[in-house]
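Reader: Hi! Could you walk me through this one while I have it open?
Author: Happy to, let's take a look together.

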Amino acid sequence: MSEVAVNEADRRRGTDQILDVREDFEVAEGMIPGALHIPMDQLQTRLSELDAAVPVIAVCRSGNRSARVADALNGAGFTADTMTGGMTAWSQAGLPTT
């Protein structure tokens, strides 16, 4: 698993799958436009919602949970990265949220 800076994640969000693994109450504060929300504890049961042929950028609040998710996805045959600094860094960079 590699780490992707927020500006790189922003550039890639038109081609890659952005997977937000935060809890519902965290997502209510805003998420990356076009991201798919699957809380980390639901990933195993909802894995079929992801396209294994398209790279994934996993996102959480700070980057810790998303790193674990990216590792799990890579182990399941996906190509997955984590976004460094999570939504905290995304917001601090002034990038868009929904």
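This is a predicted model: local features need pLDDT of at least 70, side-chain atom pairs count only at pLDDT 80 or more; totals for chains, interfaces and linings use all residues.

Reader: Nice. How many helices and strands are there in the chain?
Author: The chain has five helices and five strands.

Reader: And how compact is the chain for its length?
Author: Its radius of gyration is 12 Å, close to the 13 Å that the globule rule gives for 98 residues, so the chain is as compact as a globular protein of that length. Along the principal axes, the C-alpha atoms fill a box of roughly 35 × 25 × 20 Å.

Reader: What share of the residues is buried?
Author: Of the 98 residues, 44% count as buried. The accessible surface comes to about 4,900 Å², and carbon and sulfur atoms hold 49% of that.

Reader: Let's zoom in on strand E4. Which way do its residues point?
Author: E4 covers residues 56-59. Val56 and Ala58 point one way, Ile57 and Val59 the other way, and all are buried.

Reader: How many bridges join E2 to E4?
Author: Four, and the two strands run parallel. E2 spans residues 17-20, and its Leu19 has Ala58 of E4 as bridge partner.

Reader: What about E4 and E5, parallel or antiparallel?
Author: Parallel, over three bridges, with E5 made of residues 80-83. Here Ile57 stands opposite Asp81.

Reader: Then how does the chain cross from E4 to E5?
Author: The chain goes through helix H4, residues 64-75, in a β-α-β crossover that is right-handed.

Reader: Switching to Ser66: where is its place?
Author: Ser66 sits in that helix, H4.

Reader: Is Ser66 buried or exposed there?
Author: Buried: its relative accessibility is 0%, and the cut-off for buried is under 20%.

Reader: So what does the side chain of Ser66 reach?
Author: The Ser66 side chain reaches the backbone oxygen of Gly63, at 3.3 Å.

Reader: And which residues is Ser66 in contact with, leaving aside its neighbours within four places in sequence?
Author: Those are Val21, Ala58, Val59, Cys60, Thr82 and Met83.

Key:
Residues are numbered from 1 along each chain as its sequence is written. Side-chain values use heavy atoms; hydrogens and water are left out. Buried means under 20% relative accessible area, exposed over 50%, partly exposed in between (1.4 Å probe, protein chains only). Two strands pair if DSSP finds at least two bridges between them. A crossover is right-handed if, with the strands pointing away from the viewer, the path from the first strand over the helix to the second runs clockwise. The radius of gyration is taken over C-alpha atoms; the globule rule is 2.2 Å times the number of residues to the power 0.38. Accessible areas come from the Shrake-Rupley method with a 1.4 Å probe; for residues, only the protein chains shown count as cover. A polar contact is a pair of N or O atoms within 3.5 Å; within protein, one must be able to donate a hydrogen and the other to accept it, and residues adjacent in sequence count only if both atoms are side-chain atoms. Contact means heavy atoms within 4.5 Å.
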